[in-house]
Amino acid sequence: MTSNPLSDIAQWKSKPGPNGIPSICSAHPTVIEASMRHARKDGGLLLVEATCNQVNQDGGYTGMTPADFRAFAEGIAARVGFPVERLILGGDHLGPNPWKSLPADEAMEKARIMIDAFARAGFTKLHLDTSMGCAGEPAALPDAITAERAASLAAVAEKAVTETGGMKPVYIIGTEVPIPGGAMEELDVLEVTHANAALETVRIHEKAFADLGLTDAFSRAIAAVVQPGVEFGNENVIAYNPAAAKSLSATLAQMPAFVFEAHSTDYQTRAALTALVNDGFAILKVGPGLTFALREAFYGLDRIADFLFAGKRDATLIETMEKALTEKPGNWEKYYHGDGAEQHVQRHFSYSDRIRYYWPQPEVSAAVEALFDLLDGVEIPETMISQYLAALYPRVRAGEVRPFAGDLAIAAVDAVLDDYFAACRG
C-alpha cells in the first residue's frame with residue numbers, strides 16, 4: 001500500500017512541483033470530466049470531493065452513496081483516459097449536518113455510518129466537521145465537544161480502513177466557514193480567523209485524538225479549515241486581502257505539519273488564488289464557481305439552439321429550469337431574498353449557484369440532453385459564440401476550442417480550472 005499522496009503537502013513548497021492543490025467540490029459529470037481532462041493535461045493529481053449533503057449512505061441530493069460516487073468518478077476517468085491512480089477522492093463536511101434536526105446521539109450515529117461508508121469506499125481525504133449543534137443544542141458548539149465528536153468519527157474511519165486494508169486517510173480539521181451550501185445572507189466584510197484560534201483548534205483536536213488512542217491518525221491530520229477572509233454572497237464576492245491574513249498565515253510556522261484549507265474560494269481572481277497558496281492556504285476548495293460557469297455555457301447554448309431551431313422543443317432549458325425551481329423551492333428559498341423579481345434573478349444568476357442542486361432532477365437532465373441532441377454535430381457560427389458565449393470566443397477564434405456544444409461546455413469549466421491549477425503550480 002502506497003502512502004497517501006497528500007500526507008506531505010506541508011512540505012510541497014520546499015520541493016519541485018506544485019505548492020498546493022485545487023479541490024473540486026462537485027458531483028456534476030461535466031465538471032468532473034473537465035477537471036480530469038485538465039489534470040491529465042497538467043500531469044498531476046486531481047482531488048475531487050463530495051459533501052455530506054451530496055453523497056451519503058442515504059443517497060444525498062445526488063442519489064449516490066460513497067461507493068456509487070467512486071464508481072461514477074472512475075467511470076468518467078475511464079471514458080476520458082485519466083489514470084485512476086492520480087485520482088484522490090475526499091469527503092467534505094463529514095459529520096451530523098444532514099441530520100442536525102435529530103438529537104445529537106442519533107445524528108452522530110448517522111454520521112458514524114456515513115464516515116464508515118466513505119472510508120470503506122476508498123475516500124482518502126476526510127474533512128471532519130462536527131461543529132454544528134443538533135436538536136436542543138446551540139447552533140455552534142464549544143471547541144472541546146466539536147473535537148471530541150470529530151475524533152470519534154476518525155476512530156470509525158480508522159477501523160474501517162484497517163478492516164479493508166485500504167490507504168490510510170489524511171484528515172482535515174476545523175470548520176470556520178459557513179455551513180455546507182454557502183452563506184445564507186448578503187455579505188459585506190468577513191473576520192479572518194484569529195491566529196490563536198487556529199492554534200487552539202489544532203491543539204484541542206490533537207488532545208481529543210490522543211484521548212481515544214488515535215495518535216497515529218492525528219499524525220495524518222494535514223490541514224485546518226480557517227477563514228482567510230474570502231467568501232461570496234448572492235451578488236458579491238469578498239476578495240482575498242493578504243495583509244488581513246498575515247498573522248493567521250504566520251501561525252503555520254508553529255505547525256510545520258499543517259497547511260490551511262480555504263473554502264469558498266469561488267470567483268477569486270487568479271492573482272488572489274496564487275496569493276492564497278503562497279500564504280499557506282494550499283488546498284483551494286471550489287464548487288459553485290465551476291457549476292456557475294457551466295450554467296453560463298448551458299444557457300448560452302440554449303439561446304443559440306432557440307435561434308437556430310426555433311419551435312423544435314416544447315420548452316427551452318431555461319424555461320424547464322424555472323419550472324423546476326419554482327415547483328421545488330426547498331434548495332433556494334432560505335437563501336434568496338427580496339421581491340419576486342429579485343428572487344427570479346437570483347434563482348438563475350446568483351453567485352451562490354443554488355441552481356446546481358437541480359441539474360440531477362430528471363426533467364432538467366432530460367432538457368439538457370434534448371439541448372445537446374439538438375446541437376449534436378452542429379458547428380456553431382463564431383458570431384453566435386461571440387454573442388452568447390463571449391468569454392469563449394477568443395479561444396474559438398484561436399483554434400483552441402472547437403465550435404461544438406460539448407467542447408464549449410467543457411471549455412467554460414476549463415477556463416475556471418485554469419486559474420486554480422495555475423495558482424497551485426508553484
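**Reading the features**

Reply: Tyr388 lies in helix α13 (residues 382-388); helices (H or I, at least four residues) and strands (E, at least two) are DSSP runs, numbered from the N terminus. This is a predicted model, where local features need pLDDT of at least 70, side-chain atom pairs count only at pLDDT 80 or more, and totals for chains, interfaces and linings use all residues. Residues are numbered from 1 along each chain as its sequence is written, and side-chain values use heavy atoms, with hydrogens and water left out.

Me: Why does Tyr388 count as partly exposed?

Reply: Buried means under 20% relative accessible area, exposed over 50%, and partly exposed in between (1.4 Å probe, protein chains only). Tyr388 is partly exposed because its relative accessibility is 32%.

Me: Is Met108 buried or exposed?

Reply: Met108, in helix α3 (residues 104-120), is buried because its relative accessibility is 5%.

Me: Which residues does Met108 touch, not counting residues up to four places away in sequence?

Reply: Contact means heavy atoms within 4.5 Å. On that basis Met108 touches Pro96, Thr130, Arg149, Ser152 and Leu153.

Me: How do the strands of the barrel run?

Reply: Strands of a sheet pair through backbone hydrogen bonds, either parallel or antiparallel. Two strands count as paired if DSSP finds at least two bridges between them. Here eight strands form a closed barrel with parallel pairing, in the order β1-β2-β3-β4-β5-β6-β9-β10. Strand β1 (residues 21-25) and strand β10 (residues 283-286) run parallel and are joined by four bridges. Pro22 stands opposite Leu284 in β10.
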